[in-house]
Amino acid sequence: MTLFTSDIDTRNKSAKTALVYLLVSIFAALFGAVYEKFSHGVYSYSMLYAFAYPLILGVLPYLCIAIGKDPKLPPTSPRLLCHFGVATLTVGSIIQGVLDIYGTMNYLTYVYPVIGALLYLAGVVSAIVSYKKK
């Protein structure tokens, strides 16, 4: 098997992106643990599982690209849409967790999952369309 320099660059970029998402997942998990440690026994599932968005939607796809047989990164626009979607979902989950632990509600927190999912799906669809053109 011959690796071209573009394959190596793609593997390196996707591995670095997966590492960044892993660090964000670890930070979200630690933030949730520390926040709930000082919340006097009150916990929120939104805060507990905020780490799952960057782990599942960030680490896994880029790790699959990095270890795949023919690595191809999508163009910049679809990747950015996916990054924005993951960030929106993660931040929205943390904000929902903070409000749950505080004991209040806000109807605006329901916007985060919708917008985050739409951004992520727009990135995935855009990436699929760009692959089909090639």
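Author: Happy to! Angles under 35 degrees count as roughly parallel, over 145 as roughly antiparallel, 65 to 115 as roughly perpendicular, and the rest as oblique. The model is predicted, with local features needing pLDDT of at least 70 and side-chain atom pairs pLDDT 80 or more, while totals for chains, interfaces and linings use all residues. Residues are numbered from 1 along each chain as its sequence is written, and side-chain values use heavy atoms, without hydrogens or water.

Let's start with the helix pair. Helices are DSSP runs of H or I with at least four residues, numbered from the N terminus. Helix H3 (residues 52-67) packs against helix H4 (residues 76-102) at about 155 degrees, their axes being 8 Å apart. Those axes are lines fitted to C-alpha atoms over the stretch in contact, with angles running from 0 to 180 degrees between N-to-C directions. H3 and H4 are therefore roughly antiparallel.

On the H3 side, Tyr53, Pro54, Leu57 and Tyr62 meet Arg79, His83, Val86, Leu89, Thr90 and Ser93 of H4, where contact means heavy atoms within 4.5 Å. By class, this contact has six nonpolar, three polar and one charged residues. Here Ala, Val, Leu, Ile, Met, Phe, Trp, Tyr, Cys and Pro are nonpolar, Asp, Glu, Lys and Arg charged, and the others, Gly among them, polar.

Leaving out residues up to four places away in sequence, Leu57 touches Ala52, Val86, Leu89 and Tyr120. Leu57 is partly exposed at 22% relative accessible area; buried is under 20%, exposed over 50%, and partly exposed in between (1.4 Å probe, protein chains only).

Val86 also leads us into the largest nonpolar core, whose eight residues are Ala18, Tyr21, Val59, Tyr62, Leu73, Cys82, Val86 and Tyr120. Such a core is a set of buried Ala, Val, Leu, Ile, Met, Phe, Trp, Tyr and Cys residues joined through side-chain atoms within 4.5 Å. Helix H1 (5-37), H3 and H4 each give two or more residues to this core. Tyr21 touches Pro54, Gly58, Val59, Tyr62, Cys82, His83 and Val86, again not counting residues up to four places away in sequence.

Finally, the cysteines. Cys82 is buried at 14% relative accessibility, whereas Cys64 is exposed at 52%. The sulfur of Cys64 lies 14 Å from that of Cys82, its closest cysteine sulfur, which is too far for a bond. A disulfide is a pair of cysteine sulfur atoms within 2.5 Å, and the whole structure has zero disulfides.
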